[in-house]
Amino acid sequence: MAQQVDMNEEFANCYKSLRQYATAEKYYLEMIRLFKITAFNKNFYSTHDQMLIDYTYYYQTLSEFYILTKQFKKAGLYLEKS
């Protein structure tokens, strides 16, 4: 499951680089959806610190995407969580 989170992020990054923002957004949202399943689940993390780092990282990644694409309201939702 954790690898699927990272895989979706990498696909999103590729589409972002190609400026195919709609497709990139789909992959970023799937990244967050899958992360929510693993977040703060001790079966996926060996330390609480690593859970916090990933939580901040994934939400910040999505908020930065929304800032790049000038979707500031959406960015704010994820910035508040990161």
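1. The buried residues of α2 are A24, E25, Y28, M31, I32, L34, F35 and T38. The model is a predicted one, and the points below should be read with that in mind.

2. Helix α2 covers residues 21–38, 18 residues in total. From first C-alpha to last, α2 reaches 26 Å, close to the 26 Å expected at 1.5 Å a residue.

3. The largest nonpolar core has 18 residues, of which Y28, I32, F35 and L62 touch the most other members. At least two residues of this core come from each of α1, α2, α3 and α4. Y28, I32 and F35 are also listed among the buried residues of α2.

4. Which residues does F35 contact, leaving aside its neighbours within four places in sequence? They are V5, Y45, D54, Y55, Y58 and Y59. F35 is itself buried.

5. After α2 comes F40, which has a positive phi, near 60°.

6. F44 is found in the loop between α2 and α3. Together with M1 and I37, F44 makes a nonpolar surface patch of about 240 Å². Is F44 buried or partly exposed? F44 has a relative accessible area of 34%, and therefore counts as partly exposed, since buried would require under 20%.

Notes:
Residues are numbered from 1 along each chain as its sequence is written. This is a predicted model: local features need pLDDT of at least 70, side-chain atom pairs count only at pLDDT 80 or more; totals for chains, interfaces and linings use all residues. Side-chain values use heavy atoms; hydrogens and water are left out. Helices (H or I, at least four residues) and strands (E, at least two) are DSSP runs, numbered from the N terminus. The expected span of a helix is 1.5 Å times one less than its number of residues. Buried means under 20% relative accessible area, exposed over 50%, partly exposed in between (1.4 Å probe, protein chains only). Patches are made of residues with over 30% relative accessible area and no salt bridge: like charges are joined within 9 Å, nonpolar side chains (Val, Leu, Ile, Met, Phe, Trp, Tyr) within 5 Å. Accessible areas come from the Shrake-Rupley method with a 1.4 Å probe; for residues, only the protein chains shown count as cover. A salt bridge is a side-chain nitrogen of Lys or Arg within 4 Å of a carboxyl oxygen of Asp or Glu. A nonpolar core is a set of buried Ala, Val, Leu, Ile, Met, Phe, Trp, Tyr and Cys residues joined through side-chain atoms within 4.5 Å. Contact means heavy atoms within 4.5 Å.
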